Amino acid sequence: MSCLEVQSITRVFDDLKAVDEVSFSVEAGQICGFIGPNGAGKTTSMRICATLDLPDDGDVLVDGMSVLSHPREVRRRLGFMPDYYASEPNMPVADYLDFHARAQGLRGPSRTRAIREVVEFTGLGDLVAKDCSALSKGMRQRAGLAVTLLHDPALLILDEPAAGLDPRARVELRALLSVLAEQGKGVLISSHILTELSEICDVVAVIEQGRIRASGKVSDIQRRLQPDPLYFLRALAPPDVVEQRLLEQPGVHAPRQQDQGVVFALRGQEQDLARLVHALVAQDLPVVELRQLHADLEEVFLSLTDGKVQ
Ligand SMILES: Nc1ncnc2c1ncn2[C@@H]1O[C@H](COP(=O)(O)OP(=O)(O)OP(=O)(O)O)[C@@H](O)[C@H]1O
Ligand SMILES: [Mg+2]
């Protein structure tokens with residue numbers, strides 16, 4: 001059973017279909033990147049998953065519980081971190097955590113323990129004595145994460161948690177999320193900055209104008225878009241000549257010149273690559289560099305979306 005199963009949800013605002021039959025799932029222990037440009041429908045979808053809004057059609061299951069028929073059970077199982085804080089309360093972080101722990105129904109020693117654990121985990125340390133409104137952006141994100149973890153949810157939904165963080169804070173956030181996934185939690189994290197997610201996400205769901213353009217492992221998406229492996233070849237010859245020679249070989253397609261060399265796709269297996277190299281060298285083409293290019297989240301994203309902002 002998936003930790004999160006989004007089943008064809010649709011949300012319409014007036015005549016705008018902000019979310020249009022969106023489906024994807026996140027397994028326990030998996031980090032899923034929810035990627036799309038501004039206005040794509042990420043926040044709207046996440047709010048529906050978190051029971052803060054209702055879909056006009058479709059359903060979402062969190063740990064098998066429906067947001068429509070069992071919203072309370074869903075809330076107990078998920079932690080949601082919105083992309084903004086409505087207002088930073090004028091109270092010490094410790095009180096803020098205590099308030100949320102009580103709201104989650106934690107009592108007595110289990111509340112004290114839950115607060116101690118999340119403070120330790122997020123590295124808030126002595127900052128718990130500070131007022132929430134006095135925290136820096138990075139520290140506020142940590143406090144926000146601490147709040148979402150208080151009731152030990154099976155699923156975390158984080159809306160743009162890395163926005164506005166400095167590089168070090170980003171690396172630290174990534175490390176925290178990896179630990180949470182290792183503990184078996186499912187994590188759904190949105191962003192439009194791809195490099196932020198590429199290293200930590202097991203899977204991605206790419207959304208644009210309310211519709212899912214692709215979902216699954218980045219390498220699988222890449223394979224579907226470009227089923228043949230891509231190679232970069234450079235020779236001591238003008239790229240025009242190299243491109244021409246490549247096109248004469250069987251299985252070579254979609255060549256483009258790049259960095260003094262040529263990127264091309266090759267149908268077939270490694271022995272076909274070996275045959276290609278042999279043929280080129282036999283023609284006295286002085287090959288100096290050949291390497292396979294690997295799936296890159298940025299390229300996958302750009303090839304899937306045309307950048308339209310809704
Ligand atoms: N309450 C609302 N009433 C009317 N339109 C809305 C409402 N909430 C969202 N929308 C519209 O739905 C679309 C999707 O918005 P959403 O906030 O889900 O996008 P997003 O992917 O989170 O974008 P961003 O990256 O900018 O946060 C947008 O066109 C937005 O204007
Ligand atoms: Mg948003």
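E160 is buried, with 20 other C-beta atoms within 10 Å, where buried stands for 20 or more other C-beta atoms within 10 Å of a residue's own, exposed for 12 or fewer and partly exposed for the range in between, with C-beta atoms placed from the backbone. This is a predicted model, in which local features need pLDDT of at least 70 and side-chain atom pairs count only at pLDDT 80 or more, while totals for chains, interfaces and linings use all residues. Residues are numbered from 1 along each chain as its sequence is written, and chains are lettered from A and ligands numbered from 1 in the order in which they are written.

**Two residues with positive phi**

- E160 belongs to the loop between strand 7 and helix 6, and its phi is near 50°, a positive value in a residue other than glycine; helices (H or I, at least four residues) and strands (E, at least two) are DSSP runs numbered from the N terminus.
- Most residues other than glycine have a negative phi.
- D152, in the loop between helix 5 and strand 7, also has a positive phi near 50°, but D152 is partly exposed, with 15 other C-beta atoms within 10 Å.

- The strands of an open sheet of 6 follow the order 6-7-8-3-9-10 with mixed pairing, two strands being counted as paired if DSSP finds at least two bridges between them.
- Strand 6 (78–81) and strand 10 (211–216) each have a single partner strand, so these edge strands are left without a neighbour on one side.
- On average, neighbouring strands of this sheet are turned by 15° against each other, direction ignored, with axes fitted as lines to C-alpha atoms (for helices over the stretch in contact) and angles running from 0 to 180 degrees between N-to-C directions.
- Strand 8 (residues 186–191) has 6 of its 6 residues buried, so it is largely enclosed by the rest of the structure; G186, L188 and S190 lie on one side, and V187, I189 and S191 on the other.
- Strand 8 runs parallel to strand 3 (residues 31–35), to which 5 bridges join it, and C32 has L188 as its bridge partner there.
- Strand 7 is likewise parallel to strand 8, through 4 bridges, and L158 stands opposite I189.
- Strand 9 (residues 203–208) pairs with strand 10 in the antiparallel sense over 5 bridges, with A205 opposite S215.

**Helix 5**

- Helix 5 (residues 137–149) lies across strand 6 and strand 7 (155–158), at about 160° to strand 6.
- Among the buried residues of helix 5 are L145, V147 and L149, and the cover over its buried residues includes strand 6, helix 3 (93–103), helix 4 (108–122) and helix 6 (167–182), contact meaning that the C-beta atoms of two residues, placed from the backbone, lie within 7 Å.

**The shell around ligand 1**

- Ligand 1 is surrounded by 13 residues, the closest being F13, A18, K42, T43 and T44, where a residue is near a molecule or strand if its C-beta atom, placed from the backbone, lies within 6 Å of it.
- Helix 1 gives the most to this shell, with 3 residues, and strand 2 (16–26) and helix 1 (42–49) each supply at least two.

**Overall figures**

- The protein comes to 11 helices and 14 strands, and its C-alpha trace spans about 80 × 45 × 35 Å along its principal axes.
- Of the 310 residues in the protein, 35% are buried.
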